[in-house]
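Here are a few friendly notes to read alongside the model. Take them in order, with the structure open beside you.

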Amino acid sequence: MIKNYLKIAWRNLRKNKVFSIINIVGLAIGLSCFLLITLYVLDELSYDKYFKNAKNIYRINAHIRFGGADLNFPVSSDMMGQLLKKDYPQIEDYVRIYNSNGNKLVKKGNDFINEYKVCHADSTFFRIFDLPVIAGDVKNALNEPNTVVVTEKIAKKYFGTTDAVGKIIETNDHNKTLYKITAVIKDIPHNTHFDFEFFFSMKNVDYNWGQLLSHNFHTYLLLKPGTDYKAFEKKFEEYIDRYCLPEAKQYMQINSMDDFRKAGNKLEYDLTPLTKIHLYSSLQFEFLPGGNVQYVYIFSAVALFILVIACINFMNLTTARSANRAKEVGIRKVLGTEKKDLIAQFLVECTLMVVLSLLIAVAIAYIVLPLFNNVANKDMSLLSLFSPVILPLLIALPFVVGLLAGSYPAFFLSSFRPIEVLKGKLNLGSKSGGLRSILVVFQFATSIILIIGTVVIYRQLHYIQTKNLGFNKSQVLIVNGAYSLKNNVQAFKEDVLKITGVNSGTASSFLPVSSSSRNDNTFSSSQVMDAKNGFDMQTWAVDYDYVKTMGMDIIKGRNFSKDFGSDSNAVIINETVAKTLGYADPIGKKIYSLYYSPNNQKVGYEIIGVVKNFNFETLKQNVGMLGLFLKPEPGLVSFKVNATNIPDILKQVENKWKAMAPGMPYSYRFLDESFNEMYNSEQRIGKIILIFSTLAIMVACLGLFGLSTFIAEQRTKEIGIRKVLGASVTGLVQMLSKDFVRLVLIAFVIAAPVSWYFMNKWLQDFAYRTTISWWIFLIAAIIAVSIAVITVSFQAIRAALMNPVKSLRSE
């Protein structure tokens, strides 16, 4: 019997080729989109879950507000982990990771290579993070100074083999430090919130140890099984009173943390579960740019919507086409076919089409996946779909969709009396018209939401690119790794300035993009600091030409000048600091610091200028407090250049580098490129949404095309009579199109407020954002109506041009 059902189903597919192709291809496109987005969501949700102790590992985060400046970062003091373990038995172990240096020069042959995926870690690292080992003993690998653990990739890169235990690598630490490789591990999986390739011993870190209020270490706690981490977070108040308060009293007049809080300040710590870091944490100084759980929700909704749109198309066309089979059903019932056999026949036909669609969808997903990986910056595999969670869903999908799509023709058509059908008294085309209209409205409402969302995302990205940032990011060449020049940094800068087309230059590690150095310190407006006059601000070490090269504006006072020898104890503050200090004119006033002073002697810095606020973090954040200090920090050298002869300038700069730093790696970038990298996530999201919005609209159009074909076919005789009575082609096209246009307009009325709500919520993540203008909705409406009209008109014009003799011949 099943064989007979399949044979009849296959004959019907071949008989109605256009209908079958539209139905199967439309569903296949929808299913392939669903599969790709599902892979993306699964990958985002998988971060750090492969560690054996993942459920019990937590990272300490610090939240500080001092003098109006808010600092939120995933780092703590060097002592915090060991003090917590000493005092609280809930902690099984802890590990610190230190990567403030950001990079190391590692020697290969006669040349050095700039390695950026480096860190220093405690010997407990591999006891907490159980990464697969290829060679060596990781349990004791970092116990001693001058030891390092490397990944498989690095071992092969420097030694050509993974058998590298015991071999020596040379770095630029303290001019020359040799490290012994004590273990080789497998490469870090991509779904990890860190991507280090070198793990150097913590005992080689050059650091002023024991400062409880200095936060520079990523600290992870391994809590004992069963520990409630939220309850444990309350212990941090005890830790602050016991350890942080006594140190704070050394620097400011404060009696208790209550005094500190009453002045509007705060010092708080909390924990982030390891498995939530990627999606739920977007603090300063993250190892890698994280994901965003909102995007997971958005893409999950998009995947579901596209799947529903595809299934709605399938159901619409299947139920519509079933009307043409009413006589077939009537004849079969007269010949004795039982109702259950008719039901089974329709369900088998629908399931067969869904199975074919699923097979095509898997093939499409396999072909498109490399391109999707490139757009999404992922390394996903279709094998993830065969996980114990997803595979049962894929197997069940054809049967679920087949049941839903086949339910109407199966149960409704098999239930009526055959005599009515055979006499032509049953008009099935209108029976499900109301349901089909609702489904079309849902399809286009979803498509319009995606269109509006795409336009808003790209409008925000355009706003980011064109906003006045307070500095000029265009044509600024950045030469990386200037520490390699040692004492020749200034000579290199002066030499490059002689090149035609180079207008100015500055040597500073601090740039107004998030991929450069950051340093915050505590200051006060008087020599005696207390909870009210103290504040925290970014302290950037710059030279005389920094403001000029970056295109910043001094709105009060002056820039640093070689004519003033006292500028070594001067500071240029931004508008945010000036507002916090509250002076009518801050020029000539002093701010004081203990941490940012030589020999821990409190020094006053005279305010000589106020620089116009510039965005030095992403536009998701307000401009914080910042001060520019005249101090050497030549990690980067930046040059303002002309756009006319860039290739020649780059070649000359490289030649001068090689002359002054032979054997040292030369690399460069442009400031605007680094700025754009800050928004890579939003750009990727915009591209992905655009792609799937287009595909969702295509699927909806396929369905609309199929429906319009069916409606035109149902009304063939009506069109013929109208033509005989003098109806014009234009009038007939309008008659066939107006119902669909009305449905699209209803869809727009539903979609507009929904899309405004969600996109307005998305924009709230940005401190500086565009507006959702009325014309965005107008464009979405025009696009949706135009697509509907073009799709329907093709079939409507064809029907209107048909010779009425053909349609009325049998009457």
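1. Buried means under 20% relative accessible area, exposed over 50%, and partly exposed in between (1.4 Å probe, protein chains only). Strands (E, at least two residues) and helices (H or I, at least four) are DSSP runs, numbered from the N terminus.

2. Before going further, please note that this is a predicted model, where local features need pLDDT of at least 70, side-chain atom pairs count only at pLDDT 80 or more, and totals for chains, interfaces and linings use all residues. Residues are numbered from 1 along each chain as its sequence is written, and side-chain values use heavy atoms, with hydrogens and water left out.

3. Which strand does strand 1 join through eight bridges? That is strand 14 (residues 266–273), running antiparallel to strand 1; here isoleucine 60 has leucine 271 as its bridge partner. Two strands pair if DSSP finds at least two bridges between them.

4. Strand 12 (residues 218–223) is also antiparallel to strand 1, with three bridges joining them. Look for tyrosine 58 opposite leucine 221 of strand 12.

5. Strand 2 (residues 69–73) pairs with strand 1 over five bridges, again in the antiparallel sense. Phenylalanine 66 faces alanine 69 of strand 2. Two residues lie between the strands of this hairpin, and glycine 67 has a positive phi near 65°.

6. Finally, the cysteines: cysteine 119 counts as buried at 1% relative accessibility, and cysteine 244 is buried at 1% too. The structure holds zero disulfides, a disulfide being a pair of cysteine sulfur atoms within 2.5 Å.
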